[in-house]
Amino acid sequence: MKRFIVVLSALLSIYGSSLACTSAIITAQRSSEGVPLLWKHRDSSFSNTRVDYIEGGKYAYTAIVPNTSRARYGMMAGINEVGVASISTSTRALPVATPEEFEACTRPLVKASIYRLSLQECGSVDEFEELLKTTKRKRGFKGNIGMADASGAVAYFEIWDIGYRRYNTNEMADGFDVRSNFSHAAVSPKRGASERRYNLIMQEMKAHNGNFTPQQLINYSRSYNSCKYGDVLATDKRYYCSNHTVPRHSSVASIVLVCDKENPRMLVTNGHPVSSVAVPVYVKAKYNIPKCVKGDAMRLLSEEFRALAYTKTERKGYIILNKEVVRKVLAIKQPTIDFPKVMPQNIKAFNADIDKKFAKYEKRVRKVLKRFK
């Protein structure tokens, strides 16, 4: 337990937080890979990230981390070397202990990012739950954390400062579960605008027959479908409420984590999914990661796209969507990139080919964006 009691700066909790994400977890029975899948569409005001391999704890892991010298202290979504994966979304209205209740709880206080500890110190979903049982968080802490491991255990944990509630996905008839930015354990029935995205993904996943593939989950991050308006790109409305669709002006990444003990891996975009390419990254490859997601290339292209595709208005929650920009970029053919279940033997050559394909795609996107500047 001593390794959990780490005092770090408050900045680390910012790195680990999520502004308003959409996520889903899929059981092994509904997964094309035969092991659990975790999907996170990341929305955040903090977009300066990279995909990297992090060592220094009980387990090494690969994750989306801050693109700073303190990357090892932050984690937005990732998977470790034994196939344990973790995602998170922000939430509201969960219980908060009173000062007296918090002080009466004698469990040690953990000031490190609990998201990072979920990968660095946990070899299973049950070990993560044990971490929650034996520690407490800063008073007022709230979050939804999705966890899965290679044994097939999958669960959402709705967490507050001295408590939590676990929801086992294997107990759900559909074989999947979804979270946006509210919790079922909330003390208030109000769910906010994020319920629209929750309902949308629930509706689309329930309509799907068969197993879910990693690429299919990434495609949810590129779809402008909505429950209220249908395909937003097909409407003639000038304004578009940013909480009706999964991709939004704040979208900065999409990641699918594959909880394979022998070959833990991810399919990831480090940028707005509409202007990005989903590329494979293998934990066993360690620091051998495609440069387009380990460096700035994909992220910087994404920033250019977001600046042209979205314009904020004075009306809270409403964005002017340049639909022609989005349509033109979506029409660009995505490069064909294999996602083998076993890490390619020549991973450096595999990654180099990915970077070459992304560079060609990047040129096509920039050519389209140039027309709208």
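Across the protein chain of this predicted model, the pLDDT averages 92, and 95% of the residues score at least 70. Residues 1–18 are a stretch to read with care: there the pLDDT is below 50. In the model, this stretch still has 38 contacts beyond near neighbours in sequence.

With that in mind, let us turn to the sheet. Seven strands make up an open sheet, and they follow the order 3-4-5-6-7-8-9 with antiparallel pairing. Strand 3 (49–54) and strand 9 (164–168) stand at the edges; each has a single partner strand, so one side of each is left without a neighbour in the sheet. From one strand to the next, the twist averages 20°.

You can begin at the edge formed by strand 3. Strand 3 pairs with strand 4 (residues 61–66) in the antiparallel sense, over six bridges. Here Thr 49 stands opposite Pro 66, which belongs to strand 4. A helix also joins the picture: helix 4 (residues 125–134) packs on the sheet, where it touches strand 7 (142–148), strand 8 (154–160) and strand 9. The direction of helix 4 makes about 15° with that of strand 8.

Is Asp 177 buried or exposed? Its relative accessibility is 3%, and buried means under 20%, so Asp 177 counts as buried. The side chain of Asp 177 makes a polar contact with the side chain of Arg 179, at 3.1 Å. Leaving aside neighbours within four places in sequence, Asp 177 is in contact with several residues, among them Ser 23, Ala 24, Ile 25, Tyr 156, Tyr 167 and Met 202.

How values were computed
Residues are numbered from 1 along each chain as its sequence is written. This is a predicted model: local features need pLDDT of at least 70, side-chain atom pairs count only at pLDDT 80 or more; totals for chains, interfaces and linings use all residues. Side-chain values use heavy atoms; hydrogens and water are left out. Two strands pair if DSSP finds at least two bridges between them. Helices (H or I, at least four residues) and strands (E, at least two) are DSSP runs, numbered from the N terminus. Axes are lines fitted to C-alpha atoms, for helices over the stretch in contact, and angles run from 0 to 180 degrees between N-to-C directions. Contact means heavy atoms within 4.5 Å. pLDDT is the predictor's confidence in each residue, from 0 to 100. Buried means under 20% relative accessible area, exposed over 50%, partly exposed in between (1.4 Å probe, protein chains only). A polar contact is a pair of N or O atoms within 3.5 Å; within protein, one must be able to donate a hydrogen and the other to accept it, and residues adjacent in sequence count only if both atoms are side-chain atoms.
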